[in-house]
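This note comments on the aromatic pairs, the sheet and the nonpolar cores of the model shown below.

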Amino acid sequence: MIEIVAGEKGKGKTKILLDRSNKDVDTISGSIIFIDKSAKHMYDLDSKVRLINISEYPLNTTGEFLGFLSGVISQNNDIEEIFLDSFLTIAYIDTNNGLTSSLEELEQISECFGVKFILSVSSTKQDLPSEIQDKVIVEL
């Protein structure tokens, strides 16, 4: 399952992801991963949430990013949720076609391994491709 928090830059998407990950720690039995482009929010996250600073890894393409996610999941079969902040940036996506195909691959990973992805996208719901607008749970 994929859930999207959509909105223009600076509208508070990261805060929603942080609050949700901290709340979910108390309600799920598995692990939670929060992937961000820096370690800036390290102290905003519950200590049970694993923060991964994606900038520490030599990734340059969407394919490499999706492979990285698969590797993270393969190392811990207890992962229930992965939060992806600034998804378009960390996943090297710059087109709606790229977004659609990436979400299709994420959906396959989600179904295969039982991991829910919650991601923030710097875009309005109306600007997203119509086939993924139903995944938007919050629009700012």
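1. Across the whole structure, the search finds 3 aromatic pairs (rings of Phe, Tyr and Trp, the last by its six-membered ring, with centres within 6.5 Å; planes under 30 degrees apart are stacked, over 60 edge-to-face, the rest tilted). The model is predicted: local features need pLDDT of at least 70 and side-chain atom pairs pLDDT 80 or more, while totals for chains, interfaces and linings use all residues. Residues are numbered from 1 along each chain as its sequence is written, and side-chain values use heavy atoms, without hydrogens and water.

2. F34 and F83 form a stacked pair, because their ring centres are 6.1 Å apart and their planes lie at 15 degrees. Since F34 belongs to strand 2 and F83 to strand 4, this pair ties together parts 49 residues apart in sequence (strands are DSSP runs of E, at least two residues, and helices runs of H or I, at least four, numbered from the N terminus). F34 counts as buried at 0% relative accessibility, and F83 is buried with a relative accessible area of 0% (buried means under 20%, exposed over 50%, partly exposed in between; 1.4 Å probe, protein chains only).

3. Y57 and F68 make a tilted pair, at 4.8 Å centre to centre with 55 degrees between the planes. Y57 sits in the loop between strand 3 and helix 2, and F68 in helix 2, 11 residues apart. Y57 is partly exposed at 33% relative accessibility, whereas F68 is buried at 15%.

4. S21 lies in helix 1 (residues 13-24) and counts as buried at 0% relative accessibility. Leaving aside neighbours within four places in sequence, S21 contacts I32, F34, L45, V49 and F83 (contact means heavy atoms within 4.5 Å).

5. The open sheet has 6 strands in the order 3-2-4-5-1-6, with parallel pairing (two strands pair if DSSP finds at least two bridges between them). Its edge strands are strand 3 (49-53) and strand 6 (136-139), each pairing on one side only. Strand 1 (residues 2-7) pairs with strand 6 over 3 bridges, and A6 stands opposite E139.

6. The largest nonpolar core has 32 residues, and L84, F87 and F117 have the most contacts inside it (a core joins buried Ala, Val, Leu, Ile, Met, Phe, Trp, Tyr and Cys residues through side-chain atoms within 4.5 Å). Helix 2 gives the largest share, 6 residues. A second, separate core of 11 residues includes L17, F34, V49 and I118.
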